[in-house]
Amino acid sequence: MSPRSPLGITGLVCNVAIWLLILVCREGRLVKAQSTVSYKGWNCRKHSAFVTEYGAKGDGKTLNTKAFESAIQNLSKFAADGGAQLIVPPGKWLIGSISLISHFTLYLHKDAVLLASQDEKDWPILKPLPSYGKGRDAPAGRYQSLIFGTNLTDVVVTGANGTLDGQGELWWTKYKANQLNETRPYLIEFMYSNQVQISDITLLNSPSWNVHPTYCKDVIISGLTILAGTHSTNTDGIDPDSCSNVKIENNYIVSGDDCIAIKSGWDQYGITFNMPTTNVIIRNLTCFSPTSATIALGSEMSGGISNIWAEDITAIDTESAVRIKSSAGRGAFVKDIYVRRVTMKNMKYVFWMTGYYNQHADAGFDPKALPTIDNINYRDMTAENVTMPGYMEGIAGDTYKGICMSNITIGLAPVPNKMLWNCTNVEGVSSRVTPQPCALLKEDPKVTECKYPENKLPIDQVVLKVCTAPVLA
C-alpha cells in the first residue's frame, strides 16, 4: 500500500507506516491496520473498508445485516473508480442475506465467520428461477442466498480461509418435516453475472446447495473447503447452472449430496429457457459423498450440458464417480464429456447412468422430450473396494451412445454385487477395462485410449491479478 493508493473510502484519509503499523484516519476516526495480506482476483480494488466501520459487531449475537448493507451501498460509489473491497476481520458476524455489487470484493480474513441467521424473516423471498418454473423444494418461491448478486460484473468472494456457516441443521429438519413453503436458501448464488470468482474460503452446513452460479459466464471457483454432514439434505457442493466458461479447481468437498452437479434447467421450463452449461473444466477435486456422486450431470439438464472436462479427481467413500441423471421429459442433451485420471476408494459404483430420474417440476412436462446422451469418454481411472463397477441404464427407444472407456482398473469389494455390470439401452466401446464390461460396451482393439482434449478452454487461460487486503490490528 502506498500514499497514492489510500486505504480509505472518503476524502480525508491519512496513513502513516510506523514499523509494521498503518494508521488510517477516516473522517476524524482512527482505524488501525497492521500490514496487508495478498490474494488473487479478477481485478484489484482501489478502495477498502472494514465492516466494523459501519457498526458491525463480531460477537456472534448481534444481527449485522444492515451494517453490511450500509457498507456495500457506500462502497458502490467506487464501482467506476477502481472498485472497492469490504474486509471482514476475525470474529463471528451474524447476518441475513446480503446482495453484492459489481467491481467488488468481499474478503474474509482467517477466523472470520459469517453466521447465517436462522430467522426466516432475514431471508428475502425470490421468484422461482425461470429455467425451473417452480421452487426445487416447494412449488412457491425460494429464499435468497446468504451471499447473493444479480446482473453483476467482476465480483469476488475470497479470503484467507474465512468461513460461511449456514447453520443448516434447522433448515434440514424443517425440510424433512415438510414445514417449508419456499425452497431453502443456498450459501452463495450469483445470477446473470460475468467475471465471478469464489475462492479460498470454507463453507459449512449450508441449508441446501452451497455454491450456485446461475446464468453466468466466466466463473472461477477454487480453493474451497465445503463441509456438511453426510446425513444432510441436498447439500450439493458446487452447482453451475446454465453457465458457460467455468473453472472449478482445487476444491475439497464433504457432502450429503453430489459434490459437483452440472445443471441447466428443469423439464419444459429449461427447454424453453434454452441456456446450456458448456465449456467447464473441473480439476483437482477431492470428494466424500456416501449417498451421491462425485460429479453429477443433471438431473436438471433441460437446457443442455456439453464440453465438460474433468481431470485429477479423487473420490473416497462416495456412491459413484461421474453420474449422468436424466429422464423422459428433460429433452436437450449431455454430450462431449471428457474424464481422466480419477482415483477412487470405497465406492458403490464407478459408472452410473440413469434415464429414469423421475423428478419433475409439475405434470406439464412432455414425456416425448427425450434427452440425447452422446460422446461420453472415460480414461485412466483406478478404483478400490467397489461393490458394482457399472450400472448403466439408458431409455427404451433413446439409447445412450458414444460411451468410451479405456485403461480402467476396478478392484472389487470383498462381497461385490453378483451382477458386476448392468447395462440396458447403452452402446459404446472399451479398451483395457477390468473387470470386463458388459457386451454393450464391447472391447474394441482399434481403441487405444478414449478422447481427452489437449487444448485449453478460454477460462483456463485467465490470469488473475495479485491483490492486497488490509489487516485490522
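Predicted model: local features only at pLDDT ≥ 70, side-chain atom pairs only at ≥ 80, totals over all residues.
**Close-up 1. Arg432 sits in strand β32.** Arg432 isn't a glycine, yet its phi is positive, at about 60 degrees. With a relative accessible area of 45%, Arg432 is partly exposed, because that value falls between the 20% and 50% cut-offs. For context, most residues other than glycine have a negative phi, and most peptide bonds are trans.

**Close-up 2. Asn425 is another non-glycine residue with a positive phi, near 55 degrees.** Look for Asn425 in the loop between β31 (421-424) and β32. Its relative accessibility is 29%, so Asn425 counts as partly exposed.

**Close-up 3. Thr434 and Pro435 are joined by a cis peptide bond.** Omega is near -5 degrees for this bond. Pro435 belongs to the loop between β32 (426-434) and β33 (441-443).

Close-up 4. Ser299 is in the loop between β25 and β26.

**Close-up 5. Arg136 and Glu300 pair up through their side chains in a salt bridge, 2.5 Å from N to O.** The two partners come from distant parts of the chain, 164 residues apart. Arg136 is in the loop between β11 (125-126) and β12 (142-143), while Glu300 is in the loop between β25 (293-297) and β26 (305-318). Are these two residues buried or exposed? Both Arg136 and Glu300 are buried.

**Close-up 6. Glu311 makes a salt bridge with Arg283, at 2.8 Å from N to O.** Glu311 has a relative accessible area of 7%, so it's buried. Arg283, at 14% relative accessibility, counts as buried too, because the cut-off is 20%.

**Close-up 7. Glu311 has a salt bridge to Arg341 as well, at 3.4 Å from N to O.** Arg341 lies in strand β28 (residues 333-354) and Glu311 in β26, so the pair ties together parts 30 residues apart in sequence. Arg341 is partly exposed, with a relative accessible area of 36%. Zoom out a bit and shared partners join a whole set of residues into one network: Lys247, Glu249, Arg283, Glu311, Asp312, Arg340, Arg341, Glu454 and Asp460. In total, the structure holds 22 salt bridges. As a general point, side chains of opposite charge can pair when their charged atoms come close.

Note on methods:
Residues numbered from 1 in each chain as written. Heavy atoms only, no water. Salt bridge = Lys/Arg side-chain N within 4 Å of Asp/Glu carboxyl O. Helix = DSSP H or I, 4+ residues; strand = E, 2+ residues; numbered from the N terminus. Buried < 20%, exposed > 50% of the residue type's maximum accessible area, 1.4 Å probe, protein only.
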